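Q: Please take me through how to read the chain contacts and charged pairs in a model like this one.

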Protein chains: 4
Amino acid sequence: MKLAMLGLGKMGGNMARRLQKGGIEVVGFDFNQDTVNQIAQESGMIPSKSVEDAVAKLGDGQKIVWMMLPSGEPTENQIKALVPLLNKGDIIIDGGNSNYKDSQRRGAWLAEQGLGFMDCGTSGGIWGLQNGYCLMVGANDDVAKTLTPVLIALAPSKENGWAHVGPIGSGHFTKMIHNGIEYGMMQAMAEGLDLIKGKEEFNLDLAQITELWRHGSVVRSWLLDLTADALKDDQELAAVAPYVADSGEGRWTVMESVEQGVAAPVLTLALQARFRSQDASGYSYKLLSMMRNGFGGHFVKSVGDK
Amino acid sequence: MKLAMLGLGKMGGNMARRLQKGGIEVVGFDFNQDTVNQIAQESGMIPSKSVEDAVAKLGDGQKIVWMMLPSGEPTENQIKALVPLLNKGDIIIDGGNSNYKDSQRRGAWLAEQGLGFMDCGTSGGIWGLQNGYCLMVGANDDVAKTLTPVLIALAPSKENGWAHVGPIGSGHFTKMIHNGIEYGMMQAMAEGLDLIKGKEEFNLDLAQITELWRHGSVVRSWLLDLTADALKDDQELAAVAPYVADSGEGRWTVMESVEQGVAAPVLTLALQARFRSQDASGYSYKLLSMMRNGFGGHFVKSVGDK
Amino acid sequence: MKLAMLGLGKMGGNMARRLQKGGIEVVGFDFNQDTVNQIAQESGMIPSKSVEDAVAKLGDGQKIVWMMLPSGEPTENQIKALVPLLNKGDIIIDGGNSNYKDSQRRGAWLAEQGLGFMDCGTSGGIWGLQNGYCLMVGANDDVAKTLTPVLIALAPSKENGWAHVGPIGSGHFTKMIHNGIEYGMMQAMAEGLDLIKGKEEFNLDLAQITELWRHGSVVRSWLLDLTADALKDDQELAAVAPYVADSGEGRWTVMESVEQGVAAPVLTLALQARFRSQDASGYSYKLLSMMRNGFGGHFVKSVGDK
Amino acid sequence: MKLAMLGLGKMGGNMARRLQKGGIEVVGFDFNQDTVNQIAQESGMIPSKSVEDAVAKLGDGQKIVWMMLPSGEPTENQIKALVPLLNKGDIIIDGGNSNYKDSQRRGAWLAEQGLGFMDCGTSGGIWGLQNGYCLMVGANDDVAKTLTPVLIALAPSKENGWAHVGPIGSGHFTKMIHNGIEYGMMQAMAEGLDLIKGKEEFNLDLAQITELWRHGSVVRSWLLDLTADALKDDQELAAVAPYVADSGEGRWTVMESVEQGVAAPVLTLALQARFRSQDASGYSYKLLSMMRNGFGGHFVKSVGDK
């Protein structure tokens, strides 16, 4: 089996490697040709110089193109550019982090063009190469069936870590919720560890405690494994900025909760904690400080006060 | 009627003034004798040089001592120091922001000493002198009855703004909840205004909008009046530090919710927003940034990065 | 001055009455002709039998049509239906609760048709007839100027309670945030009162306390006035279902916070409390109960257990 | 090595079994003598008929008594009752879920009596017998050293799953935070799954998805393992009441956050979601419904309305 992989970044590059190892032939393309060549050398992947070149190298017969691109415009534009290069029955897979509503719309539009579509929520990060990826697939039955060997090659094992969960869009929907949960779990852990650090009287060792919890506790988890690992070397984190980025899925999960009218306080607050970390101005705090002054004559701390 | 007022700060000082205006004779004491003398001159309050002096100047008959002191040790110690100076049937009033459980304990202990006690939650801040104070009274019936003329003198009017809400402790309990609600209302307003400021496309004038809302809107309120007033001169608040202090009542309200097992998400989050404003280290954010790096190879912003 | 008022429900009907009283001639239309006739009789409003009839009765010259319709399709469809009935320079006002992005889109489209548009966030509810409405206006300068007499007639006074806050869309935006703040304030109050009720030991009287707080306290507000009024007759609320509806603005405010990436925990949690009240199934609670059983062998309460 | 185990419930009983298997002699006591006899028969544990009997059967030399009792009064009373039965240098271990401040107080008091104390936060639930327990130990160095063989026998392995984290109290403190994190992780998962179920359009299979996530995803965790297992048989949970109990540690974690002045929104909201599930009356919702009626004339749903 053979497919084109467009986008060989942290995710796409390792997926190409894992596919090659799993017996799937990959034609790889990335704007960074050094990356293309390096992965080709390492893994036997077929390099290509452009999207057209990549598609051409898939040869005759049904063509399969897997995209690992940033969501939004890059993915949208790539799909549009691919259509004229493909024939009826060919399949485009979006393995990136697209909004599931975009995937529903794109799937419907591609169907009108006679093309198949699969949205594949892909989890596993930089550890996927070694451990396999967790693949949440939205597609029609025939498309999902066609791509089963590819999914098995990427997943941790033949039986586990991949599933055709529902119609087009449901793969990215499932990934979106997965990431929402991830935000909540991370925040829970960060808050707990913050309270341990804050209990100065006990002078506790966060590296020791997170390592301890990995064995037999109720909170043992992969996120805890990584946290314990990170804290081993440095638990002061003096050089790390108190800034947490967020990405589309966390935000979309909260919007989904609003649209459904279903409370999701923990997922929402986990996202908002990240917003707070990104807010350098603290305007709402300034307002509160002014209000307190207004009714109580309370002291207003000025910039520069200690 | 005559009473001693101990503590002539922002609250106690103005209360002494209002009592004098209302025909209640006040013997005032504060460690700051300049304050004592100034208020005495302004209002006709009888000055005193010590707590003993103040109590002595109350003369014979039933003595009434009103404390406006910081909660915790200062109030606790003052009560203990007062007991030997008083006689059976005399009354101590705690008009400060004590924890209601302390007031319950103190009331019971003073009853054993033959002394009456009243806990009076006092709202109104620096505007109380002019507008009158809102007084939430916990006391036995006879004590509350004895002090009615005093309450009327402090309140906005004879009929309004004072009430004997329940037994000893219930005055401070009611004030505690009042402040919890205040935190929530302030936070709601600050969040909304923050979103208005964040909508740069519209370039809205927060002073205009808060003034507008004062008339006929659903959110009209005294806090809005003060906010509109503060924003009139300066809505950038460039010189104000993004730091919001918190006081006992906000924290006790959240603890009450935990003890009762009753959800109070908005009161809690309003308090936690203040905690966040006070947290210069952002350790939990650093942890989250490290975790993201651990599983996703995501960029970790360093201190000093833009 | 003369205008057509389309939609004479709780809001539109009273606005027509107030306009008539304020010297603005109103041609009123509603699908319920009984309502039309009643308001016409009461207030001197000119009745009409259809939108076409209403527009025709505006006579020659610049026509002004004020809509008080449910947001979404009813408003969208009415605007489309109005365009062929109007001439260059005529003005449509949307005084309902539309999403500000819809108003931006509609304003731009109407401008292409040569028509003016104003979005007017309208607060004041059933009390607006008596007190005047708070009007948050988004419009071009000339449109806002033309409509000034109308705004003054609706507002509490000539000087107060109406303002041209910014370009088209900004009126509904400002109203959206107003409602978001309203949700937060209401929730703060409800949580506080819930904790007072939960403190059974004190057996406090919520009607007394809310009335007390109206005078001199920091939380005094119109919402408190209404709450005190409602609790006067009945504080058990035994017949009231524990169900709180929500409307578009509360949800849009949370989405705005997500889009801006600005934390608004209190506004969000206030909305989610309503979602929770609407959730009869409690599926998330069931899941939690099952999880607890899974790791701890904890008892799972069954439906019907006490 | 030999110790007495007081309390042979779900936790204590299995710990006695695991200790026996690990070569530690256990003298077991429980008020339920059937339980005592059954475990004795199964595991070779020495049965006892009373606490006095259990202590006596420890023989001469240093005595070690491990309590697995409900926190609060049962633990407090047992400690007091043990003191006269023990000699200088003997050790009491509290392996239950006590508040860490109680453990600090008890440890100090026992030290005055010449007795050693260890607080051991114990995680692992009903799976501990098979997998080993995660043990978070607060104690003086010599006590911790003495008990190391016991800890190793209970833990998953010699190297992992037990640690002497700090002074007396810090074991229960660490367990408290562990449980706080557990609440947050559970809630995150429940919210995400609730949103998946709420997306009726996709008709997703929660059992399939949770099983899928166990392999290679970022949220893989023991809690997910248990959730997937529970959903395998029944994902409707029709017979499960939407009621989630909570225990001391979750509440104490929130109080710790208030005392430290450190925001922990996710841990707090996870607790409050449980409170909400326990609240049959919904009084705060009733208040909100009344307020909406007060200003907007909005319909108030009555009990019994659909």
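**Salt bridges and interfaces**

A: Start with one residue: Glu201(B) is exposed, with a relative accessibility of 51%. Buried means under 20% relative accessible area, exposed over 50%, and partly exposed in between (1.4 Å probe, protein chains only). This is a predicted model, in which local features need pLDDT of at least 70 and side-chain atom pairs count only at pLDDT 80 or more, while totals for chains, interfaces and linings use all residues. Residues are numbered from 1 along each chain as its sequence is written, chains are lettered from A and ligands numbered from 1 in the order in which they are written, and side-chain values use heavy atoms, with hydrogens and water left out.

Q: Which residue forms a salt bridge with Glu201(B)?

A: A salt bridge is a side-chain nitrogen of Lys or Arg within 4 Å of a carboxyl oxygen of Asp or Glu. Here the partner is Lys199(B), with the closest N and O atoms 3.4 Å apart. Lys199(B) counts as buried, at 12% relative accessibility, whereas Glu201(B) is exposed.

Q: Where do Asp102(B) and Arg105(B) lie?

A: Helices (H or I, at least four residues) and strands (E, at least two) are DSSP runs, numbered from the N terminus. Both residues are in helix α5 (residues 100-112) of chain B, three residues apart, which is about one turn of the helix. Asp102(B) is partly exposed at 24%, and Arg105(B) is partly exposed at 42%.

Q: How many salt bridges does the structure hold over all chains?

A: The total is 64. One of them joins Arg214(D) and Glu211(D) at 3.3 Å, N to O; Arg214(D) is partly exposed, at 28%. In chain A, salt bridges link Glu76(A), Lys80(A), Asp94(A), Asp102(A), Arg105(A) and Arg106(A) into a network.

Q: How is the size of an interface given?

A: It is often stated as the accessible area lost when the parts come together. Buried area is that loss (1.4 Å probe), summed over both parts. Between chain D and chain A it is about 5,700 Å², with carbon and sulfur atoms giving 72%. Leu195(D), Phe202(D) and Val218(D) supply 13% of the area that chain D buries against chain A, more than any other three residues.

Q: How many residues of chain D are in contact with chain A?

A: Contact means heavy atoms within 4.5 Å. By that rule, 68 residues of chain D touch 68 residues of chain A.

Q: How many salt bridges are counted between chain D and chain A?

A: Two. Lys199(A) forms a salt bridge with Glu256(D), the closest N and O atoms being 3.9 Å apart. Turning to the elements on the side of chain D that touches chain A, α9(D) gives the largest share, 18 residues.

Q: How is the relation between two copies, chain C and chain D, read?

A: Copies are superposed by least squares on the C-alpha atoms of residues with pLDDT of at least 70 in both. Chain C can be laid on chain D with an RMSD of 0.0 Å by a turn of 180° and a shift of 0.0 Å along the axis. That is the relation of a two-fold axis. Arg276(C) is the residue of chain C that comes closest to the rotation axis, at 4.3 Å (C-alpha). The copies meet through the same surface, because 100% of the interface residues of chain C are also interface residues in chain D.

How values were computed:
Buried area = accessible area lost by both parts, 1.4 Å probe.
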